[in-house]
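Have a look at the sequence and structure first.

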Amino acid sequence: MVSSKLLTLVLVVQPSRVLLGMKKRGFGAGKWNGFGGKVEPGEAIEAAARRELLEESGLTVDALEKVGIIKFEFVGETEILDVHVFRADSYNGEPTESEEMRPWWFEKDAIPFSQMWPDDVLWFPLMLQRKKFLGYFKFRGHDVILSHTLEEVDEL
């Protein structure tokens, strides 16, 4: 039986740079990523995105724009990860290291894709251009994409 796990991902974007966090522990440790995590039972998806951003980076945002939904399947796992991707163009506070993440600004032309999830290089350009997208990625382990679909959409 396959189940689904609802997750969020927030990317803070400035005109020339993007804020990523080095995952220090848990799933995805050792990779640069946006900020996010599990949606708790009864919690709204956007509320979870805001909570995770605050917990992991110390930042709050006035507005979040949902730009994508990506489903991830990992061979041998029974859980599909259903990730709702948000973009924030302004923020409040200063990025602060947490137990889980170490934030760092990267220039848009120097995003460390080789140290990120392999799917990021495919959908990041859409997110940076504010294009909405739906994606599906099937992984073997955490580094090999066996198959994928990615489409630009008008609405989510």
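## Around β5

Ile69 has His84 in β5 as its bridge partner. The model is predicted, so to speak of local features takes a pLDDT of at least 70, side-chain atom pairs count only at pLDDT 80 or more, and totals for chains, interfaces and linings use all residues. Residues are numbered from 1 along each chain as its sequence is written, and side-chain values use heavy atoms, with hydrogens and water left out.

Strands here are DSSP runs of E with at least two residues, helices are H or I runs of at least four, and both are numbered from the N terminus. Two strands pair if DSSP finds at least two bridges between them. Here is how β5 pairs up:

| Partner of β5 | Bridges | Direction |
|---|---|---|
| β1 (residues 3-13) | 10 bridges | parallel |
| β4 (residues 65-74) | seven bridges | antiparallel |

β4 and β5 make a hairpin with four residues between them, and Gly76 in the turn has a positive phi of about 90 degrees. Nine of the 10 residues of β5 (residues 79-88) are buried, meaning under 20% relative accessible area with a 1.4 Å probe and protein chains only; exposed is over 50% and partly exposed is in between.

Over in α2 (residues 120-128), the buried residues are Asp120, Trp123, Phe124, Leu126 and Met127. They sit on the same side of α2 because they cover an arc of only 165 degrees around the axis, taken from the directions from the helix axis to the C-beta atoms. Arg130 follows α2 and has a positive phi, near 65 degrees.
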